[in-house]
Amino acid sequence: MQPDTTDSMQIDRYIDPMGYLQDGERLDDLQRDGLKLIQNPDWFCFGMDAVLLTAFAEVREGDRCIDLCTGNGVIPILLSGRTTGRHFDGLELMEDVAGMAMRSVRYNDIADRVSIHTGDVKDAASIYGSAVCEVVTCNPPYLEKNGGLLPSDDHKAAARHELYCTLHDVVSSARDLLVPGGRFYMVHRPFRLAGIMHEMVDIGLSPKRLRMVHAHEGEPPNMILIEGVRDGGGGLVCEKPLVIYKNDGEYTEEVKVLYD
């Protein structure tokens, strides 16, 4: 789960009438089926990358979906509101962050469809079992362990840098969790694309869809969305670029519909 360094949703904030919030936390409106999300801005807040990933992921009726590096749980919670999947699991290493996500699930009264677990991505197949789901999603740390200055806060450092899991760990665990033909969806940075493709092909996740995301038309991409299929064979579709902002600074029409 990434810190709010891209562009978070335009959200309204709500007072917590039921006492779910702890010190420093806030309750935000996800603008989807009345869903709310507890966030701690001192740790991280979700950004546009998480929203785009939930729109890119194809979750079909009856699918089980497991979200790795789930952070505050925004991806499984959003997917529970926008898809007809059967169940959505989120796996988070940090116990306090996982606890915050669990409180969001209870607040929204969606525990029958969304579950949050504390655990290491590398142990995902031991926690859930092998070949147990049709979809895996992940918004992983974008930077390698030594890829720049580490934030002083442990939560932000873990969200940005591969301190506790690597790209290989994420891709390998995703492959183990998926049934044959199951789909893996990830958002990442373009400068890691060569390594992402190598890891996916090497581990048995065939890249099937790739979409570049641009802040403005004519600028280089700053995000990528990629789909891989377990044992899926060849054939990669490069979709048309997604542009976030128009020249006047407003969201493009394609992005606006994500908040309808």
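# Close-up views of a predicted model

**View 1. Helix 6 passes helix 7 in a right-handed crossing.** In this predicted model, the axes of helix 6 (167–177) and helix 7 (residues 193–203) come within 10 Å and cross at roughly 35°. On the helix 6 side, the residues that take part are L167, H168, V171, S172 and R175, and they meet G195, I196, E199, M200 and I203 in helix 7.

**View 2. L163 lies in the loop between helix 5 (154–160) and helix 6 (167–177).** Although L163 and E144 stand 19 residues apart along the chain, their C-alpha atoms are separated by 7.8 Å.

**View 3. The largest nonpolar core of the model has 38 residues.** Within this core, the residues with the most contacts are L30, M48, L52, V74, I77 and I244. At least two residues each are supplied by helix 1 (48–56), helix 2 (74–82) and helix 3 (95–108), and likewise by strand 6 (114–118), strand 8 (178–188), strand 10 (223–230) and strand 12 (242–245). Helix 1 gives the most to this core, contributing 6 residues. Apart from this core lies another one, of 26 residues, which includes Y128, V171, M200 and I224.

**View 4. Helix 1 is mostly covered, with 8 of its 9 residues buried.** The buried residues of this helix are M48, D49, A50, V51, L52, L53, T54 and F56. Two of these names, M48 and L52, return in the list of residues with the most contacts inside the largest nonpolar core.

**View 5. I244 touches residues that include M48 and L52.** When residues up to four places away in sequence are not counted, I244 also touches V213, H214 and A215, as well as E250, Y251, T252 and V255. I244 is itself among the residues with the most contacts inside the largest nonpolar core.

**View 6. Strand 2 (residues 26–29) and strand 3 form a hairpin with 6 residues between them.** The two strands pair in the antiparallel sense over 4 bridges, and D28 stands opposite L37 in strand 3. In the turn, Q31 has a positive phi of about 55°. Along strand 3 (residues 36–39), K36 and I38 point one way while L37 and Q39 point the other way, yet all of these residues are buried.

**View 7. C65 is in no disulfide.** The nearest cysteine sulfur to that of C65 belongs to C133 and is 7.0 Å away, whereas a disulfide would need the two sulfur atoms to be within 2.5 Å. C65 counts as buried because its relative accessible area is 1%, and C45, with a relative accessible area of 6%, is buried as well. The structure as a whole holds 0 disulfides.

**View 8. The whole chain, given here for orientation, has 8 helices and 12 strands.** Of the 260 residues of the chain, 57% count as buried. Among the contacts in the chain with a separation of 6 or more, 70% are accounted for by residues 24 or more positions apart.

Definitions and conventions:
Residues numbered from 1 in each chain as written. Predicted model: local features only at pLDDT ≥ 70, side-chain atom pairs only at ≥ 80, totals over all residues. Heavy atoms only, no water. Core = buried A, V, L, I, M, F, W, Y, C linked by side-chain atoms within 4.5 Å. Buried < 20%, exposed > 50% of the residue type's maximum accessible area, 1.4 Å probe, protein only. Contact = heavy atoms within 4.5 Å. Pairing = 2+ DSSP bridges. Axes fitted to C-alpha atoms, helices over the stretch in contact; angles between N-to-C directions. Left-handed = near helix turned anticlockwise from the far one by under 90°.
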